[in-house]
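Keep the sequence and the 3D view open as you work.

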Amino acid sequence: MTGFVFGAATHTGKVRRTNQDQLLTNAPMFAVADGMGGHRGGEIASAMVVDALATAATVATIDDLIEEVQEANVRIINRGRLDRELKGMGTTVTVLTGLQRAGPDRLGVANVGDSRLYRLTDGTLCQHTEDHSLVESLVRDGRLTRAEAAVHPQRNIITRALGIDERVLVDAWELVPVVGDRYLLCSDGLFNEVDEDEICDVLNSIGSAQAAADELVDRAVTAGGRDNITVVVVDITAADIGDKPPDDRVIATHLALQDPVSTVESPDTDALDGEASDLQSGQYRHESVPAIMTRRLVLLVVAALIVLAVLLTAIAA
Ligand code: MG
């Protein structure tokens, strides 16, 4: 059975009035969620996904984990429909869990949005999750460098979140737990303030998971604390894994298709979490499902017309 030692810390930061991040340290289930959407919405959305994971049935496979995230998404959408004040609330979620089944020990990871999971192995930090954000898409397309993305004014725009579309796209991985590996789950309030070299230094130099989590949060606050900051550090202290693990620890990957159907922008730090009217002010926005369907229909018609034109040209020739 996989052994875990963990520590966690969260802070509202210096600018926001409320902390809409949530964390879960209920071994073998660990999670970070970063909520968004008006006065109470963000807090409620992130709390709902964390509560859903805390009370999840046995998670034996990454498909089970994806299912749990999907169910939390539906619950958040339904809650938003019941209460106008919560309409449009959303949240990211990054989960790390020990899979509960017979055979060699395995970890499950799931991610939606721009919270992150990193792994520290032999002093080297690597990011397992891929941000579902506008700037990450631009980096992937070669239109922005990693350094430009780190300071881009629109780096708070995310392309996936729970609470927006009925069927959320979830990325997931199955990993081999290796004794000595250290995992870090965090919200963007950490990595937007503290660069990865410094995060790596802290994780390398502080043995206690709790002390490392506290230090990372302190550094993010000191660096500006412009957002809520949440950190969970998980050390693997025991594992029965069978064969030699792959260097990247990855046994299986489920990457949902890149399909930025919605664009969600967190509130600006100047006008944070105070008013429900944030939802109308444009600081937080998402496209409605009808708008997405209309756009897709238009694209389909245009594609059909192009095919028709090519066919007619070919016949005429
Ligand atoms: Mg955040």
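This is a predicted model: local features need pLDDT of at least 70, side-chain atom pairs count only at pLDDT 80 or more; totals for chains, interfaces and linings use all residues.

Residues are numbered from 1 along each chain as its sequence is written, and side-chain values use heavy atoms, with hydrogens and water left out.

**Exercise 1.** Describe how helix α1 packs with helix α2.

Step 1: Find α1 at residues 41-54 and α2 at residues 62-82. Helices here are DSSP runs (H or I, at least four residues), strands are runs of E (at least two), and both are numbered from the N terminus.

Step 2: The two axes come within 9 Å and cross at roughly 140 degrees. Axes are lines fitted to C-alpha atoms, for helices over the stretch in contact, and angles run from 0 to 180 degrees between N-to-C directions.

Step 3: α1 and α2 are therefore oblique to each other. The classes are roughly parallel (under 35 degrees), roughly antiparallel (over 145), roughly perpendicular (65 to 115) and oblique (the rest).

Step 4: On the α1 side, the contact (heavy atoms within 4.5 Å) is made by I44, A45, M48, V49, A52 and L53. The α2 side brings E68, A72, R75, I76 and R79.

**Exercise 2.** Work out how α6 is oriented relative to α7.

Step 1: α6 spans residues 196-205 and α7 spans residues 209-222.

Step 2: Their axes are 9 Å apart, and the packing angle is about 150 degrees. α6 is therefore roughly antiparallel to α7.

Step 3: From α6, the residues E198, I199, V202 and L203 meet A212, E215, L216 and R219 of α7.

**Exercise 3.** Which residue has its charged end over the ring of F191?

Step 1: Apply the test: NZ of Lys or CZ of Arg must be within 6 Å of the ring centre and within 35 degrees of the ring normal.

Step 2: The residue is R116, with its charged end 3.6 Å from the centre of the F191 ring.
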